[in-house]
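Please look at the sequence and the model before reading on.

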Amino acid sequence: MTDQILDVAGLSVDYVLSNGAVRAVDDVSFTLDHGEFLGIVGESGCGKSTLLFAIAQLLATPAQITTGSVLFQGTNLVGLTDKQLSAVRWKDMSVVMQSAMNALNPVKSIGAQFKDALAAHGKPARREIAARSAEVMRMVGIDPVHLNSYPHQLSGGMRQRSMIAMAMLFTPDLIIMDEPTSALDVVAQRALMVQIKELQRELGFAVIFVTHDMSLVSHFSDRLMVMYAGQIDEFGSTRTVFDSPRHPYTKGLLEAFPSIRGPKTSLRGIPGNPPDLASPPPGCRFNPRCPHVVDQCLEHEPGLYQLNQTLVRCLRVADGSLSQ
Amino acid sequence: MRYVLRRLGFFILTLWAALTLNFLLPRLMPGNPATAMVAKFHGELSPGEMHSLEILFGLNTHQNIAQQYVSYLHQLLTGNLGISLSEYPQPVSSVIGSAIWWTLGLVGVTTVLAFILGTGIGIVSAWRRGSRLDSVVPPVFVVTSALPYFLVGIVMLLVFGITLKWFPTEDAYYVKTDTPGFNATFIQDVVNHAFLPALSLLITLIGTWILTMRNTMITTLAEDYVRMARAKGLPGWRIMFDYAARNAILPNLTGFAMSLGFVVSGAILIEDVFNYPGVGFMLLQAVYSEDYPLMQGLFLLITVAVLVAILVADVLTALLDPRTRESR
Amino acid sequence: MTATVLAPAPARLPAGHAFARVVRAVRSNRKATAGTVLLVIFILIALFPGVIAHDSPSLDNYKPQLGFSGTHLLGTNSFGQDLWAQVIFGTRSMLEIAFIVGLATTGIAVLVGVAAAYLGGVWDGSLSVLTDVLLVIPLFPLLIIIAGYAHGDTTWVLILSITATSWSYTARQLRSQALTLRNRDFLEAARVRGERKLYVIVVEIIPTMTSLIVASFLTNALYAILFSSSLQFIGLGNPSTVSWGTTLYWAQSEAALQNGMPWWALAPGLCIALLGTAFALLNYAFDEIGNPALRPVRKQRPARKAGQSND
């Protein structure tokens, strides 16, 4: 009996433009179990948000899923129409977006937006709608009176939390979150993360959490996926990836974040910029910025190699020439 | 409500500006044109009527400009628009009164129709991006929105009025044979006569509104909250109306009201082509016969009407957009 | 009113590079190509009317009310003038008005819009109020009264009055864009260098707004065409000039449609429509070039609904 709820296999997403296609997500595969917390980390433009939307079937032209499958609870979501998807949407899988100010309809009250979601799946009575809406608001620590407020009347933190409340209306099996804390200050960020984790423990839903802040998510995730230029560069349990990163990019990311409690080390950024996906560098996409680059890195594109329980996309790690 | 008060203030300011413009224009023209007009009608006016003309146009007065201005405003605000010279001795206000209903009917109905149809088509066209409907809509309406209003009127007149003889080609009703009243023949007659002018006006107006609505809608559809609505599994029509259209329409409301200036231009030209006895037609006749008091009166009327419409649109925006209700 | 959605200002390019981009953009966008071709045709006609039409438009000793023929491509009007000559020679007047008014109006709009945005404070307040008031007062009736008062109607009265009144719409757009630019880094750099305000406005801000300024010119030219021809049509232009609008006026007053000379009215009318369409197409294409979200979506199977996920 499988505990698996999500099986993404070979997913690729292209942006189809008038002068050709740009591959934003390249051959991503992973599985997710019930109640698991997966963190996806990477720089801006690495494709992590595109990946999320691809999984949730929310891509908009010119983005297209070109290959791969997304098996959610056994059904392949790729290729289904909106109508077919609506059976699954929100009831089993919901979404939390980055900026609640942009993700909430500015002309409808919070309560009305909750009601929309509830009424789209079954015909609940008015009392049921009111009761459930109030319940989820309380779960995130907001007084249900704010159901009558408009998005612009709430503070940033409250807005974000009401989005999370909305995502839990049907207690779905999977909640996909796209940088939900990025618009908040550091203190609110952590408070929100703690709350999400608590809710997760209570209600048992799985989470895919996308962010650029690796240290933030590493406290809460079970597994960590590092993305670069549309590809998975490192993927394994959070403890392993965070404590003993193997890929030069992951190491670079970690060295860029200061540790509050650890010893003082000099911060090092990663020089250079992410590649232009319309014409990526030959061989390994990270080679222009990699401190350990050798000739073969420019000639061969690395695949994902398994090292113990972690997947790493690096030729030198694979052949052992790059030690810890 | 601060928003509404601000708009009300703007309304009053613009009204004042229009009145002042009206006051200054004849006085700024080289050789006050009103002098010639008065010379023409000199013998026929009573002293009282002469006086009101002097106040309107600043002739023969011993008052300085500031005093003239005050008497001018006073006279206008008491509703005295002067005496029409071409329809002497009727006062301007009653001359206008006879034409107003025709224009209101023609322009009012057509504008509302154009708005409803225009926004509707614009919304659906944006929703079905890339479909056959959408590939036809922009080019067709880019062309129609650039057409001069009178051209559409002329073509309509030529094809349906003169060549095919399906509709009458001038006036609001058969002046010689009909008696106005609420009888079936008269009403049918009015509709018959109004059809071509209304259609011409509709065709010219609708293009811009379709295009503006479509463009705003396309931008709105790219917003996160529309994507979120999809994520929630909401039915398509609800997303289109409740999430997209409701937001897309807001910036356009005031724009629609502002475009009333163009509706008015169109109405004037169409009335000219079809000899439709509305306010626009009357304005032109007034210009030809140099009936300056009537010209002024009509200009003020048209301006006030447009300003009121804009104010109404502002109030509507306040009602529909909860963000404007916050005091800022 | 042309549908314009403000797009963020593009990065500045050196002049030569920018021109090449414009040319490429025009060639790739169907509407831009169509508009440009139309415009060029009209410009050529205006420059060399004698090549295309053999008669002088004022020559009036032909037999009136003739139909189409080899000698008279569009027939003659009730005065015995050749209609083809009327239309061809009238092109120059219309184009002159379109360009002069278009440029002058855009000039005023740039001045007012950018000054208001950049100078801010009291200047912005008063200029904005002036712009908004003028925006809201119905222009066509105003133009009618001005033309009505100013007797000795010459085309210059037309040009001046239209220019003086119709700059407000584009001024507002330009101000909006200038406002978004105000706090950008390259302006801060200029300020820190100690450049005078005028310098910053002319040398730094305006070149960045080139695409919107060009779009404004196209809008203003279009309105110049529509307003001027409408005014001439109702008889408020100079009836003795040869221009499409005045030709229409004469057609109307001689009841051309009713008297079997429909082309007297249709020919100039169509020319106005075509020239207007040229400007409108160029303007619309500019919108699309500047704001990629508006570009035509490639047709995909099956018919797309907005934002629907793809296969």
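Two residues are in contact if their C-beta atoms, placed from the backbone, lie within 7 Å. The structure discussed here is a predicted model.

## Where chain B meets chain A

By that definition, 20 residues of chain B are in contact with 24 residues of chain A. On the chain B side, α9 (224-231) and α10 (236-258) each supply at least two residues. The largest share, six residues, comes from α9(B). Sorted by class, the side of chain B that touches chain A has eight nonpolar, three polar and nine charged residues.

## Where chain B meets chain C

Chain B also touches chain C: 59 residues of chain B are in contact with 48 residues of chain C. Helix α8 (residues 184-221) of chain B gives the largest share of the chain B side, eight residues. This side of chain B is made up of 40 nonpolar, 14 polar and five charged residues.

## Chain A as a whole

Chain A contains 12 helices and 12 strands. Along the principal axes, the C-alpha atoms of chain A fill a box of roughly 65 × 45 × 45 Å.

Of the 324 residues of chain A, 45% count as buried. Among contacts in chain A between residues at least 6 apart in sequence, 64% join residues at least 24 apart.

## The largest nonpolar core

The largest nonpolar core has 272 residues, and the members that touch the most others are A:Ile176, A:Ile208, B:Leu283, B:Leu298 and C:Leu143. Helix α4 (residues 83-119) of chain C provides the largest share of this core, 18 residues.

Which residues does A:Ile208 contact, leaving aside its neighbours within four places in sequence? They are A:Leu32, A:Leu38, A:Ile40, A:Leu52, A:Ile176 and A:Met177. In soluble globular proteins, nonpolar side chains tend to be buried together.

## A closer look at A:Thr67

A:Thr67 lies in strand β4 (residues 63-72) of chain A. Is A:Thr67 buried, exposed or partly exposed? A residue is buried if 20 or more other C-beta atoms lie within 10 Å of its own, and exposed if 12 or fewer do. A:Thr67 has 13 other C-beta atoms within 10 Å, so A:Thr67 is partly exposed.

Not counting residues up to four places away in sequence, A:Thr67 touches A:Gly10 and A:Ser12. A:Thr67 and A:Pro288 are 221 residues apart in sequence, and their C-alpha atoms are 28 Å apart in space.

Notes:
Residues numbered from 1 in each chain as written. Chains lettered and ligands numbered in written order. Predicted model: local features only at pLDDT ≥ 70, side-chain atom pairs only at ≥ 80, totals over all residues. Core = buried A, V, L, I, M, F, W, Y, C linked by C-beta atoms within 7 Å. Helix = DSSP H or I, 4+ residues; strand = E, 2+ residues; numbered from the N terminus. Nonpolar A, V, L, I, M, F, W, Y, C, P; charged D, E, K, R; others polar.
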